[in-house]
Amino acid sequence: MAPILDIKNLYKNYGSVEILKDINVAIEPGDFLVLVGPSGCGKSTLLNCIAGLEPITSGSIGIGGRDMTEVSPKDRDIAMVFQSYALYPTMSVAKNITFGMKVRGVDAATQEKKLNEVAQQLQIEPLLQRRPGQLSGGQRQRVAMGRALVRDPKLFLFDEPLSNLDAKLRVEMRTEIKKLHQNLNATMVYVTHDQIEAMTLATKIVVLKGGIVQQIGSPAEIYNKPANLFVADFMGSPAMNLIPARAKANGTGTKIEIERAGAAPLVLTDTHAKGLPEDVILGLRPEDIAEAGFRAGEDVQEADCLIDMVEPAGADTYVVSQLGGKQVTARLHAETSARTGETLPLAFDLSKVSYFAPESGERLN
Amino acid sequence: MTDIALTTAHSPSRNWGRIALRWLLFTLLGLFALFYLMPLFVMVTTSLKSLEEIRTGSLVAFPREVTFEAWRTAWSGACTGIQCEGLRPYFWNSVILAIPAVLISTMLGALNGYVIAQWKFKGANLIFSLMLFGCFIPFQVVLLPMARMLGIMGIAGTIPGLIFVHVIYGIGFTTLFFRNYYVTIPQELVKAAKVDGAGFFRIFWSIFLPLSLPIIVVTVIWQFTQIWNDFLFGVSFSQAGTQPVTVALNNIVNSTTGVKEYNVDMAAAIIAALPTLLVYVVAGKYFIRGLTAGSVKG
């Protein structure tokens, strides 16, 4: 199937400042693409470029198989939801939703029909005659979505739509957006700085930093096999443990040594890793370090570690230990016997390990 | 709330102090109000007196016998030079001059402000600065070039000529007003409308103008007051028959022969000032609201 959105070699400069560098992204119909990155990474600019609200410096953007690089926003067959909702303040909710159809000269009967469909879908029927100023944040959010839905476009664009909502409402709306995506089987591009939003919503994630794509992949790929240190650190909460270590090849695999202050080095043997340089950064997510005896598998290795801190979080308990000069977090079950200042045998699941080159930050395995 | 109630209950002396301060404040404000109203009082009472009474009576006394003769004379009989038609023709000159000039300059200001605030282009800030600069050019400086300009355009001494002058001179201010108002409106609104398929004028007409009532009122009051009260442009760029009311008022006051008809002069001055007064009374509350709009997000 032809990609519904096809971005090729996109560059965007403001004056002499390069905002986006050589972006190449393609998605299939029905995909949910999330652009994620820290603030200032160019993700919103990229979305504006897709919408046609910002001209691009070079490269091309194709939507629905057509080259849209020079096409104005209204002819791109897109709908967009903005961070501030951008509802027209002097128009009623109904008029907000039908404005686009009115501008395009859709007849009144069709407008009415579509309005009712969307209002029903988003449960905003009682609000149709109100002004945006009389609505709560969550209601405004729904109206903004309604304005996009009513267009039935090839591509939905969302620019941090949930960042103005409080935590509880954000989770609710996140679920609703996901449901909407499944029910409509629509193609969506979604910008966020919240990596949890990215993980829960996306079928495909683009991680951006400094205008450069760091990694493109499914949430599982991004989470389990981050392409570099930045992605490893950015995605996941609490963040992945990144521990400086020394690798030495031996007969069956690689011996990994991690320095510990005031104790013998921690030695693990990875039977799969091959051809690692001597200095590496070992990446292991907190949930891949468990209490000994609670994790089984041929790549699980146990070692005694001094526990510096215990943080009960309800469902889990996080413990922190000093390894290789870094605070390493392990996610244990809630009823752990870990005590601050005591040693505890921890199980390291090396089947999930990532290795990175310390200098370039690139993934090694 | 409870804290305040407790402290007031427990310290009556401070309470008295506050009441005394309040009274002092109101007394002072009252005195100022009287001081400022005094000239108007003298004008109104004098305009209602007969000449005989003015000559014999006190300046600040109420009229013994109220007569509207002076008002009638001022409106339709007073002499401006050799003609004795009163203010009436000149008053209408001012009306047909001020209304289009106010509307055109407000409309252009709204468009300019919309472009400068929401459709940023290269040099937008420079153009805005130059327009601001235009606000501070003294009237006298532009008199000669403007006269030449009007001559070239063939509208010297006509009412359209005066409208043109006032529109040009007003654009700086009206643009400033609208630009500062529109700059507080999030840019995402334009983006959303663009995605919805609306063009430049559609967005202006359907989204920005309906939002602009407070600033339109401010601009209209400001422009109307400026244009109606203008004397220098009026006296420089008009000729007999196209003079605005301010020029006619000056001529009435200055061209009386023999006895000075103070009652007629006063009545004429009040008539000439009445429209601006009316605009303030009708739209004044929007004026304050519009000036402070944007400072607090609604």
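Asp22(A) belongs to strand E2 (residues 17-27) of chain A. With 14 other C-beta atoms within 10 Å, Asp22(A) is partly exposed. Another backbone feature of chain A is a cis peptide bond between Ser237(A) and Pro238(A), with omega about -5°. Pro238(A) is in the loop between helix H8 (229-234) and strand E11 (241-249) of chain A.

Now take chain A as a whole. Eight helices and 20 strands are found in chain A. Its C-alpha atoms fill a box of roughly 80 × 45 × 35 Å along the principal axes. Of the 365 residues in chain A, 43% are buried. Among contacts in chain A between residues at least 6 apart in sequence, 65% join residues at least 24 apart.

Some of the strands show how such chain segments pair. Strand E16 (residues 300-312) of chain A runs antiparallel to strand E19 (residues 343-349) of chain A, and seven bridges join them. In this pairing, Cys305(A) has Leu344(A) in E19(A) as its bridge partner. E16(A) also pairs with strand E17 (residues 316-323) of chain A, in the antiparallel sense and over five bridges. Here Pro312(A) stands opposite Thr317(A) in E17(A). E16(A) and E17(A) form a hairpin, with three residues between them. Gly314(A), in the turn, has a positive phi of about 90°.

Helix H3 (residues 108-122) of chain A has 15 residues. From its first C-alpha to its last it reaches 21 Å, close to the 21 Å expected at 1.5 Å a residue. Which residues of H3(A) are buried? They are Leu115(A), Val118(A), Ala119(A) and Leu122(A). Seen down the axis of H3(A), these buried residues fall within an arc of 100°, so they line one face of the helix. They pack against helix H2 (93-103) and helix H4 (137-149) of chain A. The face of H3(A) turned away from the buried side carries the exposed residues Ala109(A), Thr110(A), Lys113(A) and Gln120(A). Just after H3(A), Gln123(A) takes a positive phi of about 55°.

Arg170(A) lies in helix H5 (residues 167-184) of chain A. Is Arg170(A) buried or partly exposed? With 19 C-beta neighbours inside 10 Å, it counts as partly exposed. Leaving aside residues up to four places away in sequence, Arg170(A) touches Leu162(A) and Leu165(A). The C-alpha atoms of Arg170(A) and Glu197(A) are 9.4 Å apart, while the two residues are 27 apart in sequence.

Chain B meets chain A through 15 of its residues, which are in contact with 18 residues of chain A. On the side of chain B that touches chain A, helix H9 (188-195) and helix H10 (200-211) of chain B each supply at least two residues. The largest share of that side, six residues, comes from H9(B). By class, the side has eight nonpolar, two polar and five charged residues. For the complex, the predictor gives an ipTM of 0.83 and a pTM of 0.81.

Elsewhere in chain B, Gln83(B) lies in the loop between helix H4 (69-76) and H5 of chain B. Gln83(B) counts as partly exposed, with 14 C-beta neighbours inside 10 Å. The C-alpha atoms of Gln83(B) and Phe208(B) are separated by 48 Å, and the residues are 125 apart along the chain.

How confident is the predictor about chain B? The average pLDDT of chain B is 87, and 92% of the residues score at least 70. Among the elements of chain B, helix H5 (residues 88-118) has the highest mean pLDDT (95) and helix H1 (residues 2-10) the lowest (48). Over residues 1-8 of chain B, pLDDT stays under 50, and the model has one contact for them beyond four places in sequence. Where pLDDT is low, the predicted coordinates should not be read in detail.

Note on methods:
Residues are numbered from 1 along each chain as its sequence is written. Chains are lettered from A and ligands numbered from 1 in the order in which they are written. This is a predicted model: local features need pLDDT of at least 70, side-chain atom pairs count only at pLDDT 80 or more; totals for chains, interfaces and linings use all residues. Two residues are in contact if their C-beta atoms, placed from the backbone, lie within 7 Å. Helices (H or I, at least four residues) and strands (E, at least two) are DSSP runs, numbered from the N terminus. Ala, Val, Leu, Ile, Met, Phe, Trp, Tyr, Cys and Pro count as nonpolar, Asp, Glu, Lys and Arg as charged, and the others, Gly among them, as polar. pLDDT is the predictor's confidence in each residue, from 0 to 100. Two strands pair if DSSP finds at least two bridges between them. The expected span of a helix is 1.5 Å times one less than its number of residues. A residue is buried if 20 or more other C-beta atoms lie within 10 Å of its own, exposed if 12 or fewer, and partly exposed in between; C-beta atoms are placed from the backbone. The arc is that of the directions from the helix axis to the C-beta atoms.
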